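Please read them with the structure open.

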There are 2 protein chains.
Amino acid sequence: MAERPAPQPRRKRPRAGGVSLTSRAYEAIRSAILSGELPLGGPISGRGLARRLRMSLLPVAQALRQLENDGLVESRPRAGTVVRMPTAEDIRGHYVIREALETQSARLFAERATIAERRELRAMAAALDTLYAGKGGARQDANRTHATFHHRIAECAGCPELVSAIEKSHVLVLNWLYNSAADFHPPPRRWHRDLAEVLTRDDPEAADRKMREHVRFGLETVLRRLAASQRLADAAPRVFIRQRRRRQSSAKNPIQPTKPKR
Amino acid sequence: MAERPAPQPRRKRPRAGGVSLTSRAYEAIRSAILSGELPLGGPISGRGLARRLRMSLLPVAQALRQLENDGLVESRPRAGTVVRMPTAEDIRGHYVIREALETQSARLFAERATIAERRELRAMAAALDTLYAGKGGARQDANRTHATFHHRIAECAGCPELVSAIEKSHVLVLNWLYNSAADFHPPPRRWHRDLAEVLTRDDPEAADRKMREHVRFGLETVLRRLAASQRLADAAPRVFIRQRRRRQSSAKNPIQPTKPKR
DNA sequence: ATCCACACACTGATATATCAGTTTAACGTT
DNA sequence: AACGTTAAACTGATATATCAGTGTGTGGAT
């Protein structure tokens, strides 16, 4: 193999905080999706993100692949990537999993939570019911607190895998909820207090049943909101914005390579 | 920006079968791990795999990242990647998830399976019990059939997400089992027939209870085998094999760049 | 005016090369 | 012989460049 010319020196960019660029890209894109900055069903440009995040395309591509694995985005190999718009069937399927995980979490909580943890849960439930009863402005707070509530149940169940599985599950649901502020129906007034009461009663079977009921109610809520989201998405169909083309040079002129700038 | 020399032309390698190289790498590495070709706790060289699979490092790196996400391998950023060796705590955590998913699957089967599917399941259970009762040679078959058995239950439950979640779960368990052929204890003689009998009885609660018992038995089995695996792994500590170094040129001779061949 | 083909910009996928960190074998010292 | 030192060799991570496929809009044909 002939010698290669010396490559030009490259500016080195020290890594920030010791985390890999791919992880940073993953977190950044994920939070952009969850915050609604990248709307449901909207297109994602890998190169655009790479420019915005000041990194090469590669970490972004890896992050997108991971997000696809998580079910947050959808990538068609040479055409583009979009934020995944779930179908009603997807959501039902997801809730089957969620029901499985949450009921298991409830069982373990009922078996293993300490006295202090049970007291804490009852307090959280009361606060949560109050938030939901409040006026519309508190709904985002309520959603976040609701996630924390379930997260705490899983933590007290004492199984890290369960915690992370449930967290991943909540991420998807939050994503589906945030993007449609309309059609909000508050849950029954004592909804979470009733749940906490049963969970803290030291009866795993009863905890399982009550949690199952709780999750199924959540399914109805999300399905309602999905319909609203889809109405919005259909009104603004996803489209890739492209640069204006230059006028075509009439006919048989195969030269003019004219690299696009940059 | 000075002009760069023209890059040498690159042989193009058309993609085989339309699947991305990353997916091929993922499948190849995964199956190499599951078949035991890459032993539990053993080191994995990204570059070595890339050479073997006739592709660049990049798809392999992406595949490894995905496998890390699945919990099959473990990567220390600049030091190397190894096939993940689970701790007993990992396995217990994993089985909490598995119990959640399988009991949900059992419930749905009891609710929704057709008559034909119920008959099929009883037949599979009988065949499976026979396999386990046979002599040691049939054990790999038995393990595979066992996976199929649970897979079928999930399929009949009618939820694709549940099927894939359970499948992913089984992959890990199979991995942990395959690599320790010792300490095999067959399950009770009518173990799967009893399970199938309850599942086909149209009583979701009973199906849940029976499946829970079934899964917990599996946990004991895997824990026993893990102990055997670890004894083996401790005997042969993981080590990276490196090329022999050339003799150091005595002292203050900073020349001799002598690129390593290839 | 309507329709269709084609060029071009843009997409993700991949190859190559380099970087910066880690491991370990060979060396020199004790 | 046992023990720290050190640099070769190897690791995953990332940048850059190219490839090959897609979708859109322009422009010519009808």
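**Notes on the predicted model**

1. Start with the sheet in chain B. Four bridges join β2(B) to β3(B), and these two strands run antiparallel. A hairpin of three residues connects β2(B) to β3(B). One bridge in this pairing sets B:E74 against B:V82 of β3(B). Keep in mind throughout that this is a predicted model.

2. Two bridges join β1(B) to β3(B), residues 80–83 of chain B, and the two run antiparallel. The partners can be named. B:I44 bridges to B:T81 in β3(B). B:P43 bridges to B:V82 in β3(B).

3. Put together, the three strands make an open sheet in chain B, in the order β1-β3-β2, with antiparallel pairing. At the edges are β1 (43–44) and β2 (73–76) of chain B, each pairing on one side only. Helix α3 of chain B, residues 57–70, packs on this sheet. Helix α3 touches β1, β2 and β3 of chain B, and its direction makes about 115° with that of β2(B).

4. Are the faces of β3(B) covered or open? Both are covered. B:G80 and B:V82 are buried on one side, and B:T81 and B:V83 are buried on the other. Note that B:V82 is also the bridge partner of B:P43 and of B:E74.

5. Next, the aromatic rings. How many aromatic pairs are there over all chains? The count is two. In chain A, A:W191 and A:F217 form a tilted pair, with 4.9 Å centre to centre and 50° between the planes. A:W191 lies in helix α8 (residues 191–199) of chain A and A:F217 in helix α9 (residues 204–235) of chain A, so the pair ties together parts 26 residues apart in sequence.

6. A:F217 is at 27%, so it counts as partly exposed. The cut-off for buried is under 20% relative accessible area.

7. Chain B has its own pair. B:W191 and B:F217 are tilted, with 4.9 Å between centres and 50° between planes. This pair links distant parts of the chain: B:W191 sits in helix α8 (residues 191–199) of chain B, and B:F217 in helix α9 (residues 204–235) of chain B, 26 residues apart. B:W191 is buried, with a relative accessible area of 12%. B:F217 is partly exposed, at 27%.

8. Stay in helix α8 of chain B, where B:A196 is found. B:A196 is buried, with a relative accessible area of 0%. What does B:A196 touch, leaving out residues up to four places away in sequence? The contacts are B:L121, B:R122 and B:A125. B:F149 is 47 residues from B:A196 along the chain, and their C-alpha atoms are separated by 9.9 Å.

9. Last, the interface. The size of an interface is often given as the accessible area lost when the parts come together. Chain A and chain B bury about 2,600 Å² between them. Of that area, 47% is on carbon and sulfur atoms. The contact takes 28 residues from chain A and 30 residues from chain B. How many salt bridges lie between chain A and chain B? The count is zero.

Note on methods
Residues are numbered from 1 along each chain as its sequence is written. Chains are lettered from A and ligands numbered from 1 in the order in which they are written. This is a predicted model: local features need pLDDT of at least 70, side-chain atom pairs count only at pLDDT 80 or more; totals for chains, interfaces and linings use all residues. Side-chain values use heavy atoms; hydrogens and water are left out. Two strands pair if DSSP finds at least two bridges between them. Contact means heavy atoms within 4.5 Å. Axes are lines fitted to C-alpha atoms, for helices over the stretch in contact, and angles run from 0 to 180 degrees between N-to-C directions. Rings of Phe, Tyr and Trp (its six-membered ring) pair if their centres lie within 6.5 Å; planes under 30 degrees apart count as stacked, over 60 as edge-to-face and the rest as tilted. Buried means under 20% relative accessible area, exposed over 50%, partly exposed in between (1.4 Å probe, protein chains only). Buried area is the accessible area (1.4 Å probe) that two parts lose on being put together, summed over both. A salt bridge is a side-chain nitrogen of Lys or Arg within 4 Å of a carboxyl oxygen of Asp or Glu.
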